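Open the model in your viewer and keep the selection panel at hand.

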Amino acid sequence: MPNPLIYHHTPPPLVPMFAKALLPKKSGAGDAPEIPALEAHLLGASTVTRQLRDYKKICGFGQHTHAPITWPHILAFPLHLKLLTEPDFPLPLLGLVHLRNTITQHRPIGEGESLDLTVRLGNQKRTDRGIEFDLITEARSAGALAWEETSTNLFRQARKNDKPAGKTERPELERYPNTLSIQAPESIGRQYGSVSGDRNPIHMHALSAKAFGFPRAIAHGMWSKARTLALLEQQEGWKSGALRVSCQFKKPLFLPGTAQLNWQTGDKGWDYQLLNSKGDAPHLSGRIDWL
């Protein structure tokens, strides 16, 4: 295992890593690339940065003494990018698809707390769509695990001799009793990128998105998840303690756009989905479990 990268208080700068992300991988992805067990640490990260206020506003979170449940993901983003742009990482960063995200909050994290963040790569597997792997993030406070996240990414790659997959019938979409409308303005990708550091071209402008095969820019999946949670935590019955939030990313939300947040409550957890404006296709779906 390579030696872990360690940073104190200040994460690695993003601009040099963005430049590296544009460079082709010398070795290429190959037929069966092996993802190394890379690891990075940011020790003594403050939960309060100059972007936090704007992040709350852009995602719609209320004013609380604790940080939004998705905020440690933003704090750890420079470490994510660092590992994905390391020379030993064999896959091109641009083109990776974010499939799933699960966050476990063991307790609310107070604004002003100092966190030790750890990010590592793992759980590589081959699927019929390509290579999947996880970005695993942990946040500790005073040595105790307070928050953790698993983000599953896909590198599309067809195997030799694979037959094209036949069309599968789409399952009937379940509808839940509660619905709210969400507006995603054309500029939300740039707004979210300014506070998260995630400036993937597919989210910035229609022209840059078209270079990657999209007719218009699309919303960040983690903005959609954060916006969803910001609305759900305002609903009656929400529990702000220990919880787990899973999410599967589905169809892109094109900008500007309107989506429907649809959910149902329960004693042990809530089910939710973000649907298109017609309500007949999901942008994302997931579940919140009270722990």
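Begin at the boundary of domain 1 and domain 2: zero salt bridges are counted between them. A salt bridge here is a side-chain nitrogen of Lys or Arg within 4 Å of a carboxyl oxygen of Asp or Glu. This is a predicted model, in which local features need pLDDT of at least 70, side-chain atom pairs count only at pLDDT 80 or more, and totals for chains, interfaces and linings use all residues. Residues are numbered from 1 along each chain as its sequence is written, and side-chain values use heavy atoms, with hydrogens and water left out.

**Stop 1: the two domains**

Select 5-12 + 38-156 for domain 1 and 178-290 for domain 2. These bounds come from an automatic or database domain assignment. The C-alpha centres of the two domains lie 18 Å apart.

**Stop 2: the interface**

Show contacts (heavy atoms within 4.5 Å). Domain 1 brings 26 residues, and domain 2 brings 30. Together the domains bury about 2,300 Å², with 63% of it on carbon and sulfur atoms. Buried area is the accessible area (1.4 Å probe) that two parts lose on being put together, summed over both.

Now colour the domain 1 side. α2 (52-59), α3 (71-84) and β3 (97-105) each supply at least two of its residues that touch domain 2. β3 gives the largest share, eight residues. Helices (H or I, at least four residues) and strands (E, at least two) are DSSP runs, numbered from the N terminus.

**Stop 3: helix α4**

Select residues 188-196, helix α4. Which of its residues are buried? Ile188, Gly189, Tyr192, Gly193, Val195 and Ser196 are. Buried means under 20% relative accessible area, exposed over 50%, and partly exposed in between (1.4 Å probe, protein chains only).

What do the buried residues of α4 pack against? Their partners are α2, α3, β7 (178-184), α5 (201-204) and α7. Step just past α4 to Gly197, where phi is positive, at about 85°.

**Stop 4: Gly237**

Go to the loop between α7 (221-232) and β8 (243-249), and pick Gly237. Is Gly237 buried, partly exposed or exposed? Gly237 is partly exposed, with a relative accessible area of 44%.

Display Trp270 and Trp290: Gly237 touches both, leaving aside residues up to four places away in sequence. Last, draw a C-alpha to C-alpha distance from Gly237 to Thr265. The two are 28 residues apart in sequence and 8.0 Å apart in space.
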